[in-house]
Amino acid sequence: MCLRCRPWRSEGPEDCVGNTPLVRLQRMAHASWGSVVLCKLEGDNPAGSVKDRPALSMIRRAEEAGRIRPGDTLIEATSGNTGIALAAISAIKGYKLKLIMPENMSLERRASMAVYGAELILVSQGAMEEARDLAQAMQARGEGIVLDQFANPDNPQAHYETTGPELLRQTQGRITHFVSSMGTTGTAMGTSRYFKEAKPEVQIIGLQPAAGAQIPGIRRWPKEYLPSIFEESRLDRVIDISQEEADETARQLAMQEGIFAGMSSGGAVSAALKIAQEAPGRVVVCIVCDRGDRYLSTGVFDPVPPLHHSCSAASLDATLAHVRRTASRTSPATRLFVLFTAPWCPDCQTALPVVDGAFGDSAGAALLRCVVSKTREEWKDPGHTLRHDRRWSSSLADGGLKAVPTLAFLGTVERPLEQPVVDAPMEAMEASQIRGQVRAFVAKHAG
C-alpha cells in the first residue's frame, strides 16, 4: 500500500501498484437509463497501466520460487503495456529485460520501454504469435527466462488478489457487471474467479475485437495461440467491438468525461454503455487500462479526416466563417456538411463513428460537428437558438432544427448555399441504416 493510502515508511514504486480510483461517467451514461457506469482508472498505476499488477505478481512469485534473481535476463512478448510494466519493475529490482513486440505498436510505448532500460526486438506488424514463438525460441537457446504472461497463473492471480476485492469494496458490494478487454485474458479471468466466489451474481463480460479490427492490447486469438490461462466458463458473455467504436469512444471519453485513455479502454467503455442501457438498476464497472498519451502518434486522437472543426451552437457561424476563410486558399471546391450532435444523445453515439467513416470515403467533402447543447434540458428549452433558426429546418415553414443527430449540406467553400439542405434526423436508427442514409445524402450533393 503506497503513500496515498497510508503514512510514509520505506515504500518503493512497486508498493504503489493497485488501489486505483473508480470514477462514475457523468455525461456519456444517461440518468434516464437508471444504471451507473464506473471506470477503474488503471493508468494511475506507477508504470501507467493495468499490467503493473500482473508484471509485479509474476516477478515476485518467480523470485519466491527461486526461478529468477536480480541480474538475470527476462524475456517477454508484448503488445506494449506488459512490456512497459515489466521494464519498470525490472529497473526497480535489477533485472535485464528483452521485449519482443510487433513493429506497428505506438512510438510512445516503444520509447517508454527503452527509457526503463529494456532491449526491444521488433517483429512483423500485428504478429503477436510470431513474438510469442520467438520468445520461447530465445529461452530455448539460453538467452533468458520467459515469464510468459499468456500461460503464467500469476497473471490472473494478481487480479484475483487485488482488482476483484478493490471493486467489491469501492462499489460497496453493488457491482452487477464487470467489463474487461481481453488480450492475455488475465484481468477477466482473475477478476471473474474472485467474483464467482465472493458474489456469483456479478456478470463477467469479455471484450474482443471484431473481425478485421486491430485494437492495441486486445486480440481474437487463433485456437492454437489461445492463452492457456483462459477459461471460457469464467465468462458470462463476450462482446465484439469494432475499430471505429473503440476509437470514437476513446475520443469521446476525453472530450466529454476528461478521461484520456487508449483505444482498448474506449472499447471497454463502449461495451459498458451498451450493457447499462439494456436494463435499469445496473452498476457496470469497466477497466480503463491505460492512458491516452501512449497513443498520440497513432493519429487516433487527431481530428477525423476530413473533419475540420467541432464547435458549439453559439459559435457555429464564427466557426463556419473560419473554415471557409482558411479552406478558400487551398480547397475552394470542397463541399461542406455539418452534423448536429450532442453528448447526451444515445442516437448520436451510434451515428458519430458511422458518419465519420462515410465522410472518410468521400473525396472532396468536409464535415463540421456542431454540439447543440451539453445537456438534454438545455436542448429542450423552447428558446434554444437552433430551434428558431430557419436555416436548419427541413421545412422552411416550420421553425428550425428539430432533432439530433441531423446532417445538413452547406454548399461549397467558395459558393455557400443561402438556404442549407437539411436531411431527415437519424433518430432510433441502426448503424447500417445511418450509413445508407448518409451515403445517399452525400452522393446527392456530389457536384
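This is a predicted model: local features need pLDDT of at least 70, side-chain atom pairs count only at pLDDT 80 or more; totals for chains, interfaces and linings use all residues.
1. By class, the lining of the largest pocket divides into 20 nonpolar, 23 polar and six charged residues.

2. The second largest pocket has a volume of about 530 Å³, and of the 24 residues that line it, Glu245, Ser270, Gln349, Thr350 and Pro353 are the closest to its centre. Two or more lining residues come from each of H7, H8, helix H10 (346-360) and helix H13 (431-444), with H10 giving the largest share, eight residues. The lining of the second largest pocket holds eight nonpolar, nine polar and seven charged residues.

3. The UniProt annotation "binding site", which comes from an unreviewed entry, covers Asn81, Gly183, Thr184, Thr185, Gly186, Thr187 and Ser264. From this set, the lining of the largest pocket takes in Asn81, Gly183, Thr184, Thr185, Gly186, Thr187 and Ser264.

4. Two of these annotated residues can be described individually. Asn81 lies in helix H2 and counts as buried because its relative accessibility is 8%, under the 20% limit that defines the term. Leaving out residues up to four places away in sequence, Asn81 touches Ser49, Lys51, Arg109, Asp290, Arg294 and Tyr295. Thr187, by contrast, is found in helix H6, and with a relative accessible area of 8% Thr187 is buried. Apart from its neighbours within four places in sequence, Thr187 is in contact with Val50, His159, Phe178, Ser180 and Ile287.

5. At Lys51 the unreviewed UniProt entry places the feature "modified residue: N6-(pyridoxal phosphate)lysine". Lys51 lies in the loop between strand S2 (36-41) and H1, and it counts as buried because its relative accessibility is 16%, where the limit is under 20%.

6. Helix H2 has 13 residues and reaches 18 Å from its first C-alpha to its last, close to the 18 Å expected at 1.5 Å a residue. H2 is mostly covered, with 10 of its 13 residues buried, and among them are Asn81, Thr82, Ala85, Leu86 and Ile89. The buried residues of H2 pack against helix H1 (52-64), strand S3 (73-77), strand S4 (96-102) and helix H3 (107-115). Just after the helix, Gly94 takes a positive phi of about 90 degrees.

7. A further residue to look at is Phe340, whose place is in strand S12 (residues 335-341). Phe340 is buried, with a relative accessible area of 0%. Although Phe340 and Val372 are 32 residues apart along the chain, their C-alpha atoms are separated by 6.4 Å. Val372 is also one of the residues that Phe340 touches, once residues up to four places away in sequence are not counted, and others in that set include Leu316, Cys370, Leu386, Trp392 and Leu401.

Methods:
Residues are numbered from 1 along each chain as its sequence is written. Side-chain values use heavy atoms; hydrogens and water are left out. Ala, Val, Leu, Ile, Met, Phe, Trp, Tyr, Cys and Pro count as nonpolar, Asp, Glu, Lys and Arg as charged, and the others, Gly among them, as polar. On a 1 Å grid over the protein atoms alone, a cavity is a set of points where a 1.4 Å probe fits but cannot get out, and a pocket is an open set with protein on both sides within 12 Å along at least five of seven lines; lining residues have an atom within 4 Å of a point. Grid points are joined across faces, edges and corners, and a volume is the space filled by probe spheres set on the points. Helices (H or I, at least four residues) and strands (E, at least two) are DSSP runs, numbered from the N terminus. The expected span of a helix is 1.5 Å times one less than its number of residues. Buried means under 20% relative accessible area, exposed over 50%, partly exposed in between (1.4 Å probe, protein chains only). Contact means heavy atoms within 4.5 Å. UniProt positions are given in the numbering used here, feature names are shortened, and annotations may be inferred rather than shown by experiment.
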